[in-house]
Amino acid sequence: MKTLVIVDVQNDFMPGGALAVPDGDAIVPVINRLMGDYDLVVASQDWHPKGHGSFASSHEGRAQFEEIMLHGEPQTLWPDHCVQGSEGARLHKDLDARPIEAIFRKGLDPEVDSYSAFFDNNHARATGLSGYLREKGAMCLDLVGLAGDVCVGFTALDGLREGFDVRLVEPGIRALDDEAYGAMKRRIADKGGKMIELL
């Protein structure tokens with residue numbers, strides 16, 4: 001079963017958003033074109049409570065993009081983004097949501113961030129995505145979304161760890177930092193993942 005996983009195509013990650021990914025809106029028409037080629041389409045959505053532990057504003061005297069340890073795990077301190085119910089947390093208005101069969105929300109625990117659409121960063125809590133895909137018989141996953149060096153990348157690594165075949169569809173991905181994205185792609189390739197252009 002051909003499966004497309006759309007990662008965090010949300011307003012706060014778009015140009016002008018709280019945590020904007022350069023050129024992030026350029027992937028929306030690409031994803032809309034791709035969806036018709038798949039038997040199953042699912043999506044993830046960052047869905048943080050106010051005052052989330054990953055927000056720089058939750059740590060007095062700390063700056064955005066500073067690195068700290070949060071409950072034993074390295075944590076980048078982000079601008080407040082994708083707060084539950086906010087306009088910034090909504091999927092981009094031009095993304096065609098009709099083919100999306102299920103949306104998996106992540107980052108709900110105020111104490112632990114969740115880059116991957118499969119697990120939180122401590123791998124202590126699953127989103128339910130893995131079980132859902134197995135029930136559907138989906139074992140080959142193509143990934144698109146934002147950002148390639150963070151949430152898309154960690155979703156790919158966890159997908160590989162869970163035994164799925166994973167490919168990054170590069171025209172449908174943008175990164176916060178291209179150098180970091182290059183390093184992430186090398187990690188994914190080392191684990192057996194692939195990078196492809198449009199199908």
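**Close-up views of a predicted model**

**View 1. Strand β2 and its two partner strands.** β2 and strand β5 (residues 102-106) run parallel to each other and are paired over 5 bridges; two strands pair if DSSP finds at least two bridges between them. The model is predicted: local features need pLDDT of at least 70 and side-chain atom pairs count only at pLDDT 80 or more, while totals for chains, interfaces and linings use all residues. Residues are numbered from 1 along each chain as its sequence is written, and side-chain values use heavy atoms, with hydrogens and water left out. Helices (H or I, at least four residues) and strands (E, at least two) are DSSP runs, numbered from the N terminus.

View 2. Buried means under 20% relative accessible area, exposed over 50% and partly exposed in between, with a 1.4 Å probe and protein chains only. Leu 40, Val 42, Ser 44 and Asp 46 point one way from the strand, whereas Val 41, Ala 43 and Gln 45 point the other way.

**View 3. From β1 over α1 to β2.** Together with helix α1 (residues 27-34), β1 and β2 make a right-handed β-α-β unit. A crossover is right-handed if, with the strands pointing away from the viewer, the path from the first strand over the helix to the second runs clockwise. Gly 24 is located in the loop between β1 and α1. Gly 24 counts as buried because its relative accessibility is 0%. Leaving aside residues up to four places away in sequence, Gly 24 touches Met 14, Pro 15, Leu 146 and Arg 174, where contact means heavy atoms within 4.5 Å. Gly 24 and Arg 174 are 150 residues apart in sequence, but their C-alpha atoms are 5.8 Å apart in space.

**View 4. The largest pocket.** The largest pocket has a volume of about 470 Å³. Of the 19 residues that line this pocket, Tyr 115, Asn 121, Val 150, Phe 154 and Arg 187 are the closest to its centre. The elements that give two or more residues to the lining are β4 (73-76) and α3 (151-161), and the largest share, 4 residues, comes from β4. On a 1 Å grid over the protein atoms alone, a pocket is an open set of points with protein on both sides within 12 Å along at least five of seven lines, a cavity is a set where a 1.4 Å probe fits but cannot get out, and lining residues have an atom within 4 Å of a point. Grid points are joined across faces, edges and corners, and a volume is the space filled by probe spheres set on the points.

**View 5. The cavities.** The structure holds 2 cavities of 30 Å³ or more. The largest cavity has a volume of about 110 Å³. Of its 15 lining residues, Phe 13, Leu 19, His 81, Val 150 and Cys 151 are the closest to the centre. The second largest cavity contains about 60 Å³ of space. Its lining includes Leu 70, His 71, Asn 121 and Asn 122, and β4 gives the most to this lining, with 3 residues.
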